[in-house]
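Trainee: Please put the structure up on the screen, and then take me through it slowly.

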Amino acid sequence: AKVRHLKWEVEYMHWSPDDQEGVVIAINGQFPGPTIRARAGDTLHLHLTNKLHTEGVVIHWHGIRQIGTPWADGTASISQCAINPGEAFVYRFKVDRAGTYFYHGHYGMQRSAGLYGSLIVDVGEGEKEKFEYDGELSILLSDWWHKGSREQEVDLSSKPMRWIGEPQTLLINGRGQFNCSLAAHFSNSTAAPCKLRGNEQYAPYILKVHPNKTYRLRIASSTALASLNLAIGNHKMRVVEADGNYVKPFTADNIDVYSGDSYSVLFRTDQSPSHNYWLSATVRGREPHTPPALAILNYLPTSPSHLPTSPPPTSPRWDDYPSSKAFSHQILSLPGSPAPPKTPHRRLILLNTQTYINGYTKWSINNISLTLPTTPYLGSIKYNITNAFDAKSPPDRAPPGYNVMRPAPNPNSTYGSGVYVLEFNSTVDVVLQNANALKDNVSEIHPWHLHGHDFWVVGYGEGEFKEGDAAGFNLRDPPYRNTAVIFPYGWTAVRFVADNPGVWAFHCHIEPHLHLGMGVVFAEGVERVRGIPNEAIACGLTGKMLMRNGTR
Ligand code: C2O
Ligand code: CU
C-alpha cells in the first residue's frame with residue numbers, strides 16, 4: 001500500500017458543460033474534477049487550497065467510511081469547519097476497500113455548481129475482483145442549471161421559496177447538450193442537430209471499446225436533483241457492484257441510478273462493430289423537462305464521429321414506479337457478503353415531511369428541519385462544549401397516527417440541530433418513512449445516504465410502516481450499501497452497526513432537500529476519537545477553545 005500525494009486548487013472557472021457558457025467550480029482547472037485512482041489499502045494525502053476567494057469549501061469522499069479519520073469526511077459543520085478562502089486543508093485518509101466511489105462539495109449548493117469527480121479504488125496488489133472483464137470505462141452522472149448555485153441558495157431560502165426547478169441539462173462526465181440534439185434526426189423534437197467539431201467542451205463523452213470483449217462500466221451519480229435511468233442501446237448490462245459492495249449479478253436492459261448511488265455493470269461488445277451505439281441517461285420520478293444525456297459507445301476502429309444508426313434506447317416512463325421498485329428489489333448481496341446482526345438494539349422511524357417554518361418552505365424529519373451549527377459537531381462533542389448545538393436529541397419517531405397518504409393537517413415544523421447519540425457498537429434500524437408533501441397527491445423519491453458506514457437495506461414497503469413489518473425484513477441477502485431510496489408514499493428500512501467513532505450525516509442526497517433541512521446527524525463513540533487536527537475545528541466555539549489553550 002502506498003501514500004498517494006495530491007495537490008488540489010479549487011477555483012471558479014468559465015466552462016461550457018452544455019452549449020451555453022457558465023461558471024463551474026473546478027479543481028486544478030478541470031471540470032469535473034480529476035479522477036482519483038488508488039488501490040485498496042492506500043492512503044490519500046490530499047492538500048486542498050480554497051481559491052474560491054469569497055466562499056468556504058469542503059469535499060466529501062462519498063462511500064469512503066473514514067474509519068479512524070472522522071475529521072476527513074468533508075462535511076461542513078459536522079466533521080470540520082469549512083475551509084476559508086485562501087486557506088488550505090489536508091485530507092488524509094485510507095481507502096480501505098475496492099469499489100466505485102466519487103467525491104463532491106458538501107457545503108451549500110456546491111454540488112450543483114459542479115464540484116465533483118470520480119474516485120476509483122482498485123483491489124489491493126495481488127488480489128482479484130469476483131468477476132472478470134477485459135477493459136474498463138467510467139462515467140459520472142450529474143445535472144446542470146444555467147442559474148448559478150449562489151442564486152439557487154437565495155431562491156431556496158426566500159419566502160415564499162423559489163424552487164430551483166428541473167435542470168437544464170444532464171451531464172455524462174461533465175458533458176451535455178442544451179440547445180441542440182445529437183439524436184435530432186431520430187426524434188420528433190424541434191431541437192436542431194448539434195454541429196460539432198468534436199473538441200467542444202460540451203461534445204459528448206466517447207466510450208471507446210473493442211469488439212467481442214467484456215467491459216466493466218463504472219457508474220456514479222452526483223446529481224443535485226435528478227434520479228436517472230441509464231441504458232446502452234442494443235446492449236444488456238449485468239449488475240455486479242453497488243456502492244463498493246458485490247451484488248448477486250443480474251441482467252438488466254436499463255438501470256435506475258439515484259443521486260449518491262454507484263454501480264458497476266458488465267457488458268459484452270457483441271454488436272456489429274461497424275456501428276456506434278448510444279448510452280443514455282433519462283430522468284426518473286419527476287416529470288422531465290430535461291432531455292436525455294447521451295454518450296457514444298464507439299466500437300473501434302469505427303470513427304467516433306459516425307453517430308449511431310439506431311435511435312437512443314428507450315427508458316421506462318418517468319412515473320413507472322413499479323419498474324423502479326422491481327429494479328431496487330433485485331439488488332441483493334452476493335453470497336458470502338457480510339450478513340446483518342439478527343436483531344437491532346434500537347429502531348428509529350424517520351418521517352420525511354415537507355413543512356413550513358414561519359412561511360419558509362422546509363423539509364423535516366420527525367418534524368425537525370436540520371440546521372447546522374457554526375461549530376462542527378465532531379469538535380463540540382469531543383470536547384464537551386454543550387452550548388454548540390441543541391442539547392435535546394430529536395425524537396426516535398414521529399407521534400403515532402400521522403396519515404402519510406395525505407398532506408399534513410398542521411404543516412408547520414421547527415428548526416433543530418440536535419443529534420442522535422448511538423451507543424457505540426450497537427445495531428440500529430432506521431425506517432425511512434415517506435409521506436405526502438405539501439401539495440395534494442405529491443410524494444417524491446428521496447435517496448438517503450449514510451456517512452461513515454454501509455447499511456443493509458432490509459426492507460421496502462408501501463404506506464405506513466407497521467410494527468409487524470419488521471418480521472418480513474430480509475436478513476438473508478440484503479444488499480450492503482451506503483445509499484437507499486424511498487419511493488413515494490412508501491418506506492425503506494436499513495440496518496447498520498454504529499461501530500465507527502465519529503459524527504456522521506445521514507440525509508437525502510438531493511442537494512436542495514438537504515439544504516432545506518432533510519437530514520439527521522448521528523454521533524457514536526466520539527470519546528474514542530483521537531487526533532482531530534486543530535485545523536479541522538478552528539472555527540466557532542472549538543476555535544475559541546483552541547485560542548484559549550494557545551494551540552493556535
Ligand atoms: Cu454524497 Cu452527505 O453526501
Ligand atoms: Cu429528498
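Mentor: Let us begin with a term: two strands pair if DSSP finds at least two bridges between them. Strands (E, at least two residues) and helices (H or I, at least four) are DSSP runs, numbered from the N terminus. This is a predicted model, in which local features need pLDDT of at least 70 and side-chain atom pairs count only at pLDDT 80 or more, while totals for chains, interfaces and linings use all residues. Residues are numbered from 1 along each chain as its sequence is written, and chains are lettered from A and ligands numbered from 1 in the order in which they are written.

Trainee: OK, in which sense do strand 1 and strand 4 pair?

Mentor: Strand 1 (residues 3-15) runs parallel to strand 4 (residues 42-50), and eight bridges hold the pairing.

Trainee: Which strands make up the open sheet with the order 3-8-7-5?

Mentor: That open sheet has four strands in the order 3-8-7-5, with mixed pairing, and its edge strands are strand 3 (36-39) and strand 5 (59-62), each of which pairs on one side only. Within it, strand 3 and strand 8 (residues 116-122) pair in the parallel sense over four bridges, and Arg37 finds its bridge partner in Ile120 of strand 8.

Trainee: Changing topic, how is the chain split into domains?

Mentor: The domain assignment, which is automatic or from a database, gives domain 1 (3-122), domain 2 (135-330) and domain 3 (346-546). The centres of domain 1 and domain 2, taken over C-alpha atoms, are 23 Å apart. Their contact takes 27 residues from domain 1 and 34 residues from domain 2, where two residues are in contact if their C-beta atoms, placed from the backbone, lie within 7 Å. On the side of domain 1 that touches domain 2, the largest share, five residues, comes from strand 7.

Trainee: Which residues of helix 1 are buried?

Mentor: In helix 1 (residues 149-156) the buried residues are Ser149, Gln152 and Leu156. They cover an arc of only 50° around the axis, which puts them on the same side of helix 1; the arc is that of the directions from the helix axis to the C-beta atoms. A residue is buried if 20 or more other C-beta atoms lie within 10 Å of its own, exposed if 12 or fewer, and partly exposed in between. Those buried residues of helix 1 pack against helix 4 (511-515).

Trainee: Which residues touch the most other members of the largest nonpolar core?

Mentor: They are Val265, Val503 and Val521, in a core of 153 residues, and strand 21 (residues 293-299) gives the most to this core, with six residues. A nonpolar core is a set of buried Ala, Val, Leu, Ile, Met, Phe, Trp, Tyr and Cys residues joined through C-beta atoms within 7 Å. Leaving out residues up to four places away in sequence, Val503 touches residues including Pro70, Tyr377, Val419 and Val521.

Trainee: Where are the cis peptide bonds you mentioned wanting to show me?

Mentor: One runs from Lys159 to Pro160, with omega near -10°, and Pro160 lies in the loop between helix 1 and strand 10 (169-172). Another joins Leu300 and Pro301, with omega about 5°, and Pro301 lies in the loop between strand 21 and helix 2 (321-330).

Trainee: Last one: what is phi of Asn358, and is that residue buried or exposed?

Mentor: Phi of Asn358 is near 50°, a positive value in a residue other than glycine. Asn358 sits in the loop between strand 22 (346-357) and strand 23 (360-365), and it counts as exposed because it has 9 C-beta neighbours inside 10 Å.
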